[in-house]
Amino acid sequence: MSNKEPSLIHIGFGNIVNTDKIVAIVVPESAPAKRLIQQGKEKGIVVDVTHGRKTKSVILMENNQLILSAFTPETIALRAKSKEDKDET
């Protein structure tokens, strides 16, 4: 087990996720993503952090939870990359 500190990024409205646990970040408009969200809501594994705003990205986590964010996948990916770059220096 690593003693490395978790890499946390802000995903909107004061919410933060551990980037080490992210499997994928996808747009919610495709039919498979919509199905995934619906099935996730039925299973109770969806965390909606949009604060009523339009969902612009779905973050798939290692533990199979889905996080709905009002930030675009590009924004979240850039924040994760920026955090990764800072951690390396």
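Accessible areas here come from the Shrake-Rupley method with a 1.4 Å probe. On that basis, the accessible surface of this chain comes to about 6,000 Å², and 52% of it belongs to carbon and sulfur atoms. Please keep in mind that you are looking at a predicted model. The chain has two helices and six strands, and the elements run β-β-β-α-β-β-β-α from the N terminus on. Its radius of gyration is 13 Å, close to the 12 Å that the globule rule gives for 89 residues, so the chain is as compact as a globular protein of that length.

**Overall dimensions and packing**

- Taken along the principal axes, the C-alpha atoms fill a box of roughly 40 × 25 × 20 Å.
- Of the 89 residues in the chain, 31% are buried.
- If you take the contacts between residues at least 6 apart in sequence, 49% of them join residues at least 24 apart.

**The four-stranded sheet**

- An open sheet is formed by four strands in the order β3-β5-β6-β4, with mixed pairing.
- Its edge strands are β3 (22–26) and β4 (46–48), each of which pairs on one side only.
- From one strand to the next, the twist averages 20°.
- Strand β6 (residues 66–69) pairs with β4 in the parallel sense, over three bridges.
- Within that pairing, Val-47 has Ile-67 in β6 as its bridge partner.

**The two helices**

- Helix α1 (residues 31–43) packs on the sheet and touches β4, β5 (57–61) and β6. The direction of α1 makes about 115° with that of β6.
- Helix α2 (residues 73–88) lies across β3, β5 and β6, and runs at about 145° to β3.

**The β1-β2 hairpin**

- Strands β1 (residues 8–12) and β2 (residues 15–18) run antiparallel and are joined by four bridges.
- Together β1 and β2 form a hairpin with two residues between them.
- One of the bridges links Gly-12 to its partner Asn-15 in β2.
- Phe-13 sits in the loop between β1 and β2, and its phi is near 55°, a positive value in a residue other than glycine.

- Asn-18 lies in strand β2. With a relative accessible area of 19%, Asn-18 counts as buried, because the cut-off for that class is under 20%.
- A polar atom of the Asn-18 side chain lies 2.9 Å from the backbone nitrogen of Asp-20.
- Which residues does Asn-18 contact, leaving aside its neighbours within four places in sequence? They are Pro-6, Ser-7, Leu-8 and Met-61.

**Loop residues to look at**

- Lys-21 is found in the loop between β2 and β3, where it is partly exposed with a relative accessible area of 38%.
- Not counting residues up to four places away in sequence, Lys-21 touches Leu-60, Met-61 and Glu-62.
- Pro-28 belongs to the loop between β3 and α1 and is buried, with a relative accessible area of 10%.
- Not counting residues up to four places away in sequence, the residues that Pro-28 touches are Ala-33, Lys-34, Ile-37, Thr-55, Lys-56, Ser-57 and Val-58.
- Pro-28 and Ile-59 are 31 residues apart along the chain, and their C-alpha atoms are separated by 9.7 Å.
- Asn-64 is in the loop between β5 and β6. Its phi is near 75°, a positive value in a residue other than glycine.
- Asn-64 is exposed, because its relative accessible area of 56% is over the 50% that this class requires.

Notes:
Residues numbered from 1 in each chain as written. Predicted model: local features only at pLDDT ≥ 70, side-chain atom pairs only at ≥ 80, totals over all residues. Heavy atoms only, no water. Pairing = 2+ DSSP bridges. Axes fitted to C-alpha atoms, helices over the stretch in contact; angles between N-to-C directions. Contact = heavy atoms within 4.5 Å. Buried < 20%, exposed > 50% of the residue type's maximum accessible area, 1.4 Å probe, protein only. Polar contact = N/O pair within 3.5 Å; in protein donor to acceptor, adjacent residues only side chain to side chain. Rg over C-alpha atoms; globule rule 2.2 N^0.38 Å.
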